[in-house]
Amino acid sequence: MDHSIAITEQDIWLALERVKDPEIPVLSLVDMAMISKVELTNEKCVIHFTPTFVGCPALDMMKRDIKTEVELLGIATEVVLDMNNTWSSDKMSTEAKTKLEKFGIAPPVTIDDSELTQEALDRVRCPHCHSTDTTLRSAFGSTLCRAIRFCFACKQGFEQFKPI
Amino acid sequence: MSGIKDLLFKMADDALIIGHRNSEWTGIGPVLEEDLAFSSMAQDKIGHAFALYTILHESFGEAEPDTLAFKRTEKEFKCCQLVELPIGEYDFSLMRHFLFDHAESLRYEMLANSSFQPLAQVAKKVKGEIKYHVMHADSWIKQLSNGTEESKARMQSALNFAFPYALGIFETVDSEKELIDSNVFLGEAELQKRWLENVSAILQGAGLTVPAVDPSKAVNGGRKGFHSEYLQPLLTEMCEVVNTDPDAEW
C-alpha cells in the first residue's frame, strides 16, 4: 500500500483509544490494558488483544471494532487473540479506575498476584457515597466481569469490577 | 501426544457439559442472585471449553471448536458422569457445583505449571475465574448447612448422592502415565488427594459428614466414553439447532 503520510505506531494507539469496551463505554480497550502489542509494517498492522474473561461474549465484537477503527487510518488490520499474555485487573491504569468509579462501577481492588481472599473483596468503596461499609451480595452480576454489592451507608446496590 | 489430547478432551467436555447444565438454571433459580450466578458460571465454563477445544484444533489438528462441541457422538465425549446428571433440585446442583469446582480449581492451579505451554497459558487465566466459582459454592454450602434442620439434611443427602459420582472425576486412563513423566500434569490420584483435603475441610466445618472414599463405589466410565442415560438427551437438545441445518454458515 502507498501512503502519502506514513502511519506511525502512535496513530494506531490513538485509534485504539477510540475503541470502547462495549460493556463499559467510558473505558477504551487501551484503558482496559487489553491491547498487548501493536506490530506495524508497511503492508499491515497486527493488533494483539488479550481477553479479560475467557468466555466474554463481547470478544468478537471488540475484535471487529478494533479492525474497523484502525482500518479507517487506511491500513489493512489483523486482530489476533493473545493467549500468551494473562490479563489481570491489576493491569488497569489508575486513570481507568477513576473513570470506572465515576461511571458508577467500583473499580477492582489491587490483588498483586497474591491469593484472592474474602478480605480483599471486602475492601470495596461505594462509588456513590465513597463509604467502605459495603458487602458482597453476589459474586456474579450483569456481566462476567462484575459482582453485585450493597452499601450500608447510602443503602444503594452497586456493581463492582471483579479483581481477577 | 495422545495423553495431552485425552486430557484436553476430558477437561473441555466436562466444562461444556456442566456449562450446559448450569445454563438450565437461567430463569428458574431459587433467588435472582442464584439465577445470575449459575448463568454466569455457565458462560465461563463454555468459554473454558472453547479455549481447550481451540488448543486441540491449533496444536493437534482436530476439527474447529464448534465441530468438536456439536458434531461428535456420545461415545466420543469424555466427560465424567457427575456433570451429565440432570440439575435436579437446587441442593443437588449446588453440591455438584461445590464438588466439581474444587477439583477444577486445583486442576487449573496444577496445570498453570504444566510443561505443555498452550495449556499452562489457558490455566493461568482460568484459575482466577474458577476462584469465584469456588467462593460462591463455599459460601452457600456453609449457609445452608448451618441453616434449618431441613436445609442441613438436604445438603447431607445431596452430598451422599453426589459423592460417588464426584470420585468419577478422577478416573484415570492409560495415557496418563506419559503426562506425569513429562511434567504435563501431576495426575488424577494427586489431584484427588488434594481435592479431598479441601472439600473435607469445608464440609466438616459446615457440620456435614464426609462419606468414606470407597473406590469400588466411584462412578467411572465417562473418561472411556461410557456415559449415564442422561448424556444423549442433553446432546440431542444441545445440538438441536445445529442439526436443523448442519452445513449452515453462522
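I'm working on a predicted model here.

**Entry 1: the sheet in chain A**
I looked up which residue stands opposite A:Ile47, and I found A:Val79, in strand E5 of chain A. Then I checked how strand E4 (residues 44-49) of chain A is tied to E5(A): six bridges join them, and the two run parallel. Stepping back, I see an open sheet of three strands, ordered E3-E4-E5 in chain A, and its pairing is mixed. Strand E3 (35-40) and strand E5 (76-81) of chain A sit at the edges, each pairing on one side only. I also noted the twist, which averages 15 degrees from one strand to the next.

**Entry 2: helices on that sheet**
Helix H1 (residues 9-17) of chain A packs on the sheet and touches E3 and E4 of chain A. I get about 140 degrees between the direction of H1 and that of E3(A). Helix H2 (residues 59-71) of chain A packs there too, touching E3, E4 and E5 of chain A. For H2, the angle with the direction of E5(A) is about 155 degrees.

**Entry 3: the cores**
Which residues have the most contacts inside the largest nonpolar core? I got B:Tyr53, B:Met95 and B:Trp195, in a core of 88 residues. Helix H5 (residues 90-111) of chain B gives the largest share of this core, twelve residues. Apart from that core I found another, of 33 residues, including A:Ile7, A:Trp87, A:Ile105 and A:Ile164.

**Entry 4: a look at B:Tyr53**
Leaving out residues up to four places away in sequence, I listed what B:Tyr53 touches; among them are B:Phe9, B:Asp13, B:Pro65, B:Arg72 and B:Phe77.

How values were computed:
Residues are numbered from 1 along each chain as its sequence is written. Chains are lettered from A and ligands numbered from 1 in the order in which they are written. This is a predicted model: local features need pLDDT of at least 70, side-chain atom pairs count only at pLDDT 80 or more; totals for chains, interfaces and linings use all residues. Side-chain values use heavy atoms; hydrogens and water are left out. Two strands pair if DSSP finds at least two bridges between them. Helices (H or I, at least four residues) and strands (E, at least two) are DSSP runs, numbered from the N terminus. Axes are lines fitted to C-alpha atoms, for helices over the stretch in contact, and angles run from 0 to 180 degrees between N-to-C directions. Contact means heavy atoms within 4.5 Å. A nonpolar core is a set of buried Ala, Val, Leu, Ile, Met, Phe, Trp, Tyr and Cys residues joined through side-chain atoms within 4.5 Å. Buried means under 20% relative accessible area, exposed over 50%, partly exposed in between (1.4 Å probe, protein chains only).
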